[in-house]
Amino acid sequence: FPETSEPVWILGKEYNALTEKDEILSDVTSRLWFTYRKNFPPIGGTGPTSDTGWGCMLRCGQMILGEALVCRHLGRDWRWAKGQKQREEYISLLNAFIDKKDSYYSIHQIAQMGVGEGKPIGQWYGPNTVAQVLKKLAVFDTWSKVVVHVAMDNTVVIEEIKRLCMPWLDAAGAYGESEGVGELNGCLEGACAMAEEETALWRPLVLLIPLRLGLSDINDAYIDTLKQCFMLPQSLGVIGGKPNSAHYFIGYVGEELIYLDPHTTQPAVEPSEDSQVPDETYHCQHPPCRMHICELDPSIAGFFCRTEDEFDDWCMRIRRLININLKFSLKFSFADFSDSDRLERFFDSEDEEFEILSL
């Protein structure tokens, strides 16, 4: 790491590069690192047994979702250490990504779900395709019960998100306002299926937002705001890149982005008989890579809101950025109105400047 007095930001955590290098490396090493693999069961039964050369963006998608699930089940402050006894939640989490057809988020599931998005198995994905595939796969994850929402047209519709994360709102409306929400089947709609009390009223949110940072190169006006996104406590980082060069960006120092690189081919891993997962190859144990921020390509930013309060806090922080920087440039807007006609007119706007509207 550079010897610098400038702060290092990793997914919402601030570090001092001069005095906290061990803490920085521990944080980076604790992130799940998904790379190319070889010798896994053929995708679809007769397809590829390795994703080398085409699976880097799929692996980046696994990393950003993996970070969300780490926050969901283990907490942002959880740290991995080589050789330590694995927690049950951690084992279950890793098993969701193991390269086999029946894992929730395996390369097999992502590649096959991508066929529905028009991507043949073995073809490189762009970040938007990965986001849409993860959204579909998360529906089947009955353990994590997260909502993956992709902000279309760079617009965050607050009411839409709250209805996705609190499905009992619609159920309550269907029963009429006079009937107490708590009376629905003796409990909140959806709450009976929730294992943890804090998720009964809110399904944890993974918010993915496509970023338009320039036509071919990142516009300098957007750099500071992009940095601010890595400082948010809800940050899951950014995935992006051109064909064969996708990366998972987890923070920055100075004018350099810090990222995990999936372009290493490792043998596929099989869980042992006691369900423990040989996990050393799922954690990057060397200093992370860095690149100048101006080299960033079309990307998806991710945020995780475990509770409604965390989502409200995220909205407040983003609006504060908009007020500070009138040219707020990550080019996504807020809409918290419900009138369908107004919403339709909003989306029909051909404003090429993509102004941020805070309504």
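A crossing of two helices is left-handed if the near helix is turned anticlockwise from the far one by less than a right angle, and right-handed if clockwise. By this criterion, the crossing of α2 and α4 is right-handed. The structure is a predicted model, in which local features need pLDDT of at least 70 and side-chain atom pairs count only at pLDDT 80 or more, while totals for chains, interfaces and linings use all residues. Residues are numbered from 1 along each chain as its sequence is written, and side-chain values use heavy atoms, with hydrogens and water left out.

Helices (H or I, at least four residues) and strands (E, at least two) are DSSP runs, numbered from the N terminus. Helix α4 spans residues 107-114, and its axis lies 10 Å from that of α2, at an angle of about 115°; axes are lines fitted to C-alpha atoms, for helices over the stretch in contact, and angles run from 0 to 180 degrees between N-to-C directions. Contact denotes heavy atoms within 4.5 Å. On the α2 side Leu58, Arg59 and Gln62 take part, and they meet Ile107, Ile110 and Ala111 of α4. The residues of this contact comprise 4 nonpolar, 1 polar and 1 charged, where Ala, Val, Leu, Ile, Met, Phe, Trp, Tyr, Cys and Pro count as nonpolar, Asp, Glu, Lys and Arg as charged, and the others, Gly among them, as polar.

A nonpolar core is a set of buried Ala, Val, Leu, Ile, Met, Phe, Trp, Tyr and Cys residues joined through side-chain atoms within 4.5 Å; buried means under 20% relative accessible area, exposed over 50%, and partly exposed in between (1.4 Å probe, protein chains only). The largest such core holds 66 residues, of which Val206 and Tyr248 touch the most other members. Helix α2 (residues 56-73) gives the most to this core, with 11 residues. Beyond its neighbours within four places in sequence, Val206 contacts residues including Leu65, Ala68, Val146, Leu236 and Phe303. Another core, of 35 residues, lies apart from it and includes Leu296, Ala301, Cys315 and Leu321.

For Cys284, the nearest cysteine sulfur is that of Cys289, 6.7 Å away. Cys284 counts as buried because its relative accessibility is 3%.

Tyr15 is placed in strand β2 (residues 13-16) and, at 10% relative accessibility, counts as buried. Its C-alpha atom is separated by 9.7 Å from that of Val253, 238 residues apart along the chain.

Conventions. A disulfide is a pair of cysteine sulfur atoms within 2.5 Å.
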